[in-house]
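We will walk through the model one stop at a time.

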There are 2 protein chains.
Amino acid sequence: MAVNSPIPVPSQLLPVSGIMLGHAEAGIRKADRKDLLVMKLVPTATVSGVFTSNRFCAAPVQVSKAHLESAALTSLPISALVINTGNANAGTGLAGLVAANTTCNELARLMNCEASQILPFSTGVILEPLPVERLVAGLPSAIQNLQEDNWFSAAEAIMTTDTQPKAASRTVQVGAHLVTLTGISKGAGMIMPNMATMLGFIAMDAKVAQPVLDVMVKQVSDRSFNCISIDGDTSTNDSFMLIATGASACDISDVDSADYATLLGAVQSLAQQLAQMIVRDGEGATKFMTVKVEQGRNVEECRQVAYSIANSPLVKTAFFASDPNLGRLLMAIGKAGITDLDVGNVNLYLDDVWVVKHGGRNPDYQEVDGQRVMQQSEIVTRVILARGEASATVWTCDFSHEYVTINADYRS
Amino acid sequence: MAVNSPIPVPSQLLPVSGIMLGHAEAGIRKADRKDLLVMKLVPTATVSGVFTSNRFCAAPVQVSKAHLESAALTSLPISALVINTGNANAGTGLAGLVAANTTCNELARLMNCEASQILPFSTGVILEPLPVERLVAGLPSAIQNLQEDNWFSAAEAIMTTDTQPKAASRTVQVGAHLVTLTGISKGAGMIMPNMATMLGFIAMDAKVAQPVLDVMVKQVSDRSFNCISIDGDTSTNDSFMLIATGASACDISDVDSADYATLLGAVQSLAQQLAQMIVRDGEGATKFMTVKVEQGRNVEECRQVAYSIANSPLVKTAFFASDPNLGRLLMAIGKAGITDLDVGNVNLYLDDVWVVKHGGRNPDYQEVDGQRVMQQSEIVTRVILARGEASATVWTCDFSHEYVTINADYRS
């Protein structure tokens, strides 16, 4: 039950020159379901990524990181990304690394490149051996299926408990050139990315120099995938990859240029849309909540407060119930770890309703007004800390019976 | 649906000489329900407490802290504690402080003492004005009801979403003297105390010098109420109070004495029992989980890992479902914030079943064994970090549909 998130229309997803996508049904966990995706890049492409900060990061994350480092050293470009669902290949030790490497070796053989030119990704159940022979057996049909106009199917192929595919496109005029961007993502549970989310891919046809792309991927993720939470749990497999195919005439080589800023804006906007799609389709989500924390001393403390609200089970269940039990918001602000917070200065708004004034209940606050806002499917909570000029925004969803049902049933 | 937590038997709760308890139905939130408790102390009593670290700490918490400080300065002993349920008197600003002070003034008048000799406590809904006139009107009948043998009713009088009263007694031989201890607590939701829990009271008839009691209350709470979590949310009203009436001949004035150690052991054991009763009766709890983290570099990092497991919604829903989806435990260990953790050394046991060996699935692990343990109502998860000699234990419960139901309905 995704919140106000229309399913993408395949014909509105723009092909990005220089990248082809092919999927297959490899039967990794379940039969008759797309669970394998190959993304093939032209040799001009640059690729940059950010990955989970979870110490138990999955084998494919370790291999992808190593291959990106190797690409930077050898100048051999990344040729393809390969993504499977149904198994996370995490907590699988040495055998998991062997399986991820086998995946790369086999795809490299089929594509006539080096294994180090392949980036592997996995999503699904943790602590179970990856059935790599089934994955490998599916590769030829994924390759056969490669085409530029395949983004919708690609978005479907990376779903797990997602109820709908997540994809979006846009074009942006950068100087004299029109750049096309398309991205896909998946999420649903175990979502509070620390470096990126599980999984996001954005491709564009601009040519972007590797060091510039490395800067951009961090700037983009810090304002998009790193601003969402569904359950406060950080996956072992989070990865966000930014791909610039270089197939268009647009060439960006300077992070201080106006063209960079224009392109950054477009990528950030697309990434935010994809990140919000993940929240709107969060496991069991019935409401989409924006938590804005303003006038903090620094961004870090604003994020602390925003996440303390976004991850509180008591706040999330109150939103689920449309119950303006707003004292729970104060509880979450107070426990966020700002030890010198003067709560007597704190103000809190629910959309346009001023609920807390100078740390206490606003005398003009009427419960009927809080009730009206709580019944909406999209709600903005705004906290004014009144101690500085920094701010941060986090997007999250509510906590429903359906979340418990999904996570008590998932895997079983 | 409390987990393996038999309801206390009134006749097994031992009166503690020097303290009397009286309750009333003040109709603070609901009619026909005990919601007011007065605990009256003899003048020889010493009292020490720890309180929530939530910055939005409730008005009664602020007043109780101030009155304890004042007692230390003036040597006027604490005469009584007064506790109401149905309203937390938190997020209520100046009006809330006035209400808490009014409560103290009125009780002091009725008891012929100073207002600063009264400690007020509240629990219930946050951000709503305390109906102090109803509370005050109930005080005379609470005083009329005062008697030593009233612990069971007292435990009932402080319940909110608790499904059963929490109380326990014991005696301990300290040197030549037998000391009697009785305690009560309440919890159910918004439970991850940072300094104490909402609410715990332990009384004993030993005479304990104030500085000694101040040390003891911290040592006890750090091994009991500060080791539990139901939902990771820290209440605005947490308070744990330790009362030594001084009515027995046992006199403790030295923290380095053998008698202190003996008494500390008994108080700690009673506090752990009361803390575990809170978890067993956690909102919607169907399982009682002990999370032990061993061989860490220091206690702090062991607690970080233990709480990361105990607070993960994905771990808690898997336990609810009796599903050995144990990769989620690795996820929680990995995201706990130990940035230099070598996961290749980590071992994990579920009761006696060795699940994770050197960071990966134990080759000898059989799902049927994990399944067997997961079906139990009490489960010990043991994590071996293999990087030091510190350890920590946290007690928690699972996350069920009932939790969502309770917290979507509570207040409404």
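In what order do the four strands of the open sheet in chain B stand? Select them and read across: β1-β2-β4-β5, with mixed pairing. Here strands (E, at least two residues) and helices (H or I, at least four residues) are DSSP runs, numbered from the N terminus, and two strands pair if DSSP finds at least two bridges between them.

Before going further, some ground rules: this is a predicted model, in which local features need pLDDT of at least 70 and side-chain atom pairs count only at pLDDT 80 or more, while totals for chains, interfaces and linings use all residues. Residues are numbered from 1 along each chain as its sequence is written, and chains are lettered from A and ligands numbered from 1 in the order in which they are written.

**Stop 1: the sheet in chain B**

Go back to the four strands of chain B, which form the open sheet. β1 (19–24) and β5 (118–123) of chain B stand at its edges with a single partner strand each, so one side of each has no neighbour in the sheet. From one strand to the next, the twist averages 15°; axes are lines fitted to C-alpha atoms, for helices over the stretch in contact, and angles run from 0 to 180 degrees between N-to-C directions.

Now select β4 (residues 80–85) of chain B: six bridges pair this strand with β5(B) in the parallel sense. Zoom in on I83(B), whose bridge partner in β5(B) is F121(B).

α2 (residues 93–111) of chain B lies across β4 and β5 of chain B, at about 135° to β5(B). α3 (residues 132–144) of chain B lies across β1, β2 (36–41) and β4 of chain B, at about 130° to β1(B).

**Stop 2: the sheet in chain A**

Next, select the seven strands of chain A that form an open, mixed sheet in the order β10-β18-β13-β17-β14-β15-β16. β14(A) and β17(A) run antiparallel and are joined by four bridges; look for L350(A) opposite T381(A) in β17(A).

α10(A) lies across β14, β15 and β17 of chain A, running at about 120° to β15(A). Which residues of this helix (367–374) are buried? They are G370(A), V373(A) and M374(A), where buried means that 20 or more other C-beta atoms, placed from the backbone, lie within 10 Å of the residue's own. Seen down the axis of α10(A), these residues fall within an arc of 100°, so they line one face of the helix; the arc is that of the directions from the helix axis to the C-beta atoms.

**Stop 3: a buried loop residue**

Select N89(A), in the loop between β4 (80–87) and α2 of chain A. N89(A) is buried, with 32 other C-beta atoms within 10 Å. Leaving aside neighbours within four places in sequence, its contacts (C-beta atoms, placed from the backbone, within 7 Å) include A58(A), P60(A), S122(A) and L130(A).

**Stop 4: where the chains meet**

Finally, show both chains: the contact takes 55 residues from chain A and 55 residues from chain B. On the side of chain A that touches chain B, the largest share, six residues, comes from α9(A). Elements that each supply at least two residues to this side include α9 (327–334) and α11 (401–409) of chain A.

Technical notes: Buried ≥ 20, exposed ≤ 12 C-beta atoms within 10 Å, placed from the backbone. Contact = placed C-beta atoms within 7 Å.
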